[in-house]
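Trainee: I would like to learn how to read a structure one feature at a time. Could you walk me through an example?

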Amino acid sequence: MRIVPKIAALLLMLVIAPCASAQIVIKPGLPNPGKFTSKLTLDIAQTLNLAGQELTTGQKRELITNNQVSQPAADGSITVVETFQSLKDTTTLPGGATLKFASAEGPKPQGTAADFLVDVMAVMAKTKTTIVFDKSGKAIRVNATADGLDELDEPGKSLLQADLDPQRLKDIANAQRDEYHAEPVKPGDQWKKETSTDLGQGAKFTHTAATKYVGVENRNGVNLHKVTISYSDINFEQNAPAPGAPSIAGTEMELIDGGSTYFFDAEKQQVVDSNFKLHVKGKITLLSLIHISEPTRPLYISYAVFCLK
């Protein structure tokens with residue numbers, strides 16, 4: 001009579017074992033030596049009341065980067081060199097003007113007061129970023145160079161210089177790593193965490209991220225782990241504006257729609273494909289506009305909105 005419970009227990013173990021093995025830690029670690037490619041897609045739209053004007057803007061961006069990973073050094077650290085394979089961007093400015101850029105075609109004059117932003121993107125597409133990670137996966141050194149940076153006109157030069165600051169890039173790399181869930185998960189598991197989106201120029205959005213591990217999905221013959229995120233409780237922060245960037249006195253933000261989906265390659269220990277969507281509306285008060293003369297104010301409003309992307 002006792003053989004039945006033993007068989008039942010064995011069958012139970014056979015059912016439980018695959019479920020236990022399906023757990024995975026979805027957090028980027030040290031990538032393996034060699035090469036990998038990552039893709040990021042952004043879709044940002046916002047309606048802002050800025051300096052007494054209601055402005056609707058948007059940005060859609062797709063960037064693909066090539067990453068070369070070194071062999072481990074004697075101390076276990078590795079070096080990753082990241083370059084752009086392609087950068088495509090469509091930015092809608094106040095009044096409906098549109099700036100378009102594709103790295104394969106290069107910058108093209110578009111007849112707007114904000115054309116300098118196209119030149120910034122052209123130089124950005126030539127950026128080479130070198131990151132050294134210690135054996136625990138923490139970024140310990142970052143350096144970024146961009147061909148043509150010194151030839152950029154202001155305010156574009158200051159804008160890009162601030163975004164390529166080594167300390168800023170190192171802080172972002174480590175902050176992004178810390179935002180990932182460090183515990184093993186299985187399909188269907190959900191968790192919440194406070195996260196942020198760096199906007200450049202000393203500004204960022206903070207939000208609550210509700211994350212779900214969906215499971216394994218085959219993409220182009222590779223099994224990847226799919227994760228979805230929905231955002232809520234959005235706030236805008238500007239700790240220290242970069243040189244040339246407008247100073248923010250106060251904001252009131254409302255999230256209209258926001259979410260992300262990313263795909264994690266367990267073999268490479270990296271996120272290889274992700275998309276980010278954020279649609280917001282609200283009011284922004286700029287300190288710096290009180291010092292700007294009326295004829296040049298529309299340009300700086302466009303610049304300010306671009307900095308909030």
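Trainee: Which residues does Ile24 touch, not counting residues up to four places away in sequence?

Mentor: Happy to start there, and do keep in mind that this is a predicted model. Ile24 touches Glu183, Pro184, Val185, Tyr213, His225, Phe264 and Ala266, leaving out residues up to four places away in sequence. The residue sits in the loop between helix H1 (3-21) and strand S1 (34-50).

Trainee: Is Ile24 buried or exposed?

Mentor: Buried means under 20% relative accessible area. Ile24 has 15%, so it counts as buried.

Trainee: And where is Gln270, and what does its side chain do there?

Mentor: Gln270 belongs to strand S11 (residues 270-286), and it is buried, at a relative accessible area of 14%. A polar atom of its side chain lies 2.8 Å from the backbone oxygen of Gly29. Setting aside residues up to four places away in sequence, Gln270 touches Pro28, Gly29, Leu30, Pro31, Phe36, Phe263, Phe264 and Asp265.

Trainee: Let us turn to helix packing. At what angle do helix H2 and helix H3 pack?

Mentor: The general idea is that two packed helices are described by the angle between their axes and the distance between the axes. Here H2 (residues 116-124) and H3 (residues 156-163) pack at about 40 degrees, with axes 9 Å apart. Their crossing is right-handed. H2 contributes Phe116, Leu117, Val120, Val123 and Met124 to the contact, while H3 contributes Gly156, Leu159 and Leu160. Sorted by class, that makes seven nonpolar residues, one polar and no charged ones.

Trainee: Why is H3 described as largely enclosed by the rest of the structure?

Mentor: Because six of its eight residues are buried. They are Gly156, Ser158, Leu159, Leu160, Ala162 and Asp163.

Trainee: What should I look for in a nonpolar core?

Mentor: In soluble globular proteins, nonpolar side chains tend to be buried together. In this model, the largest nonpolar core has 31 residues, and Phe101 and Leu160 touch the most other members. Two or more residues come from each of strand S2 (53-69), strand S3 (78-92), strand S4 (98-102), H2, strand S5 (127-133), strand S6 (139-146) and H3. H2 gives the most, with eight residues. Another core lies apart from it and has 27 residues, among them Leu48, Leu50, Leu55 and Phe276.

Trainee: Which residues are in contact with Phe101, leaving aside its neighbours within four places in sequence?

Mentor: Phe101 is in contact with Leu87, Lys88, Asp89, Gly106, Pro107, Val118, Met121, Ala122 and Ala125 on that basis.

Trainee: Last topic: the backbone. Where is there a cis peptide bond?

Mentor: Look between Glu154 and Pro155, where omega is about 5 degrees. Pro155 is in the loop between S6 and H3.

Trainee: What is the phi of Asn220, and where does Asn220 lie?

Mentor: Its phi is positive, about 55 degrees, although Asn220 is not a glycine. Asn220 lies in the loop between strand S8 (203-219) and strand S9 (222-238), and it is exposed, with a relative accessible area of 82%. Asp233 lies in strand S9 and is exposed, with a relative accessible area of 53%.

Notes: Residues are numbered from 1 along each chain as its sequence is written. This is a predicted model: local features need pLDDT of at least 70, side-chain atom pairs count only at pLDDT 80 or more; totals for chains, interfaces and linings use all residues. Side-chain values use heavy atoms; hydrogens and water are left out. Axes are lines fitted to C-alpha atoms, for helices over the stretch in contact, and angles run from 0 to 180 degrees between N-to-C directions. Helices (H or I, at least four residues) and strands (E, at least two) are DSSP runs, numbered from the N terminus. A crossing is left-handed if the near helix is turned anticlockwise from the far one by less than a right angle, and right-handed if clockwise. Contact means heavy atoms within 4.5 Å. Ala, Val, Leu, Ile, Met, Phe, Trp, Tyr, Cys and Pro count as nonpolar, Asp, Glu, Lys and Arg as charged, and the others, Gly among them, as polar. A nonpolar core is a set of buried Ala, Val, Leu, Ile, Met, Phe, Trp, Tyr and Cys residues joined through side-chain atoms within 4.5 Å. Buried means under 20% relative accessible area, exposed over 50%, partly exposed in between (1.4 Å probe, protein chains only). A polar contact is a pair of N or O atoms within 3.5 Å; within protein, one must be able to donate a hydrogen and the other to accept it, and residues adjacent in sequence count only if both atoms are side-chain atoms.
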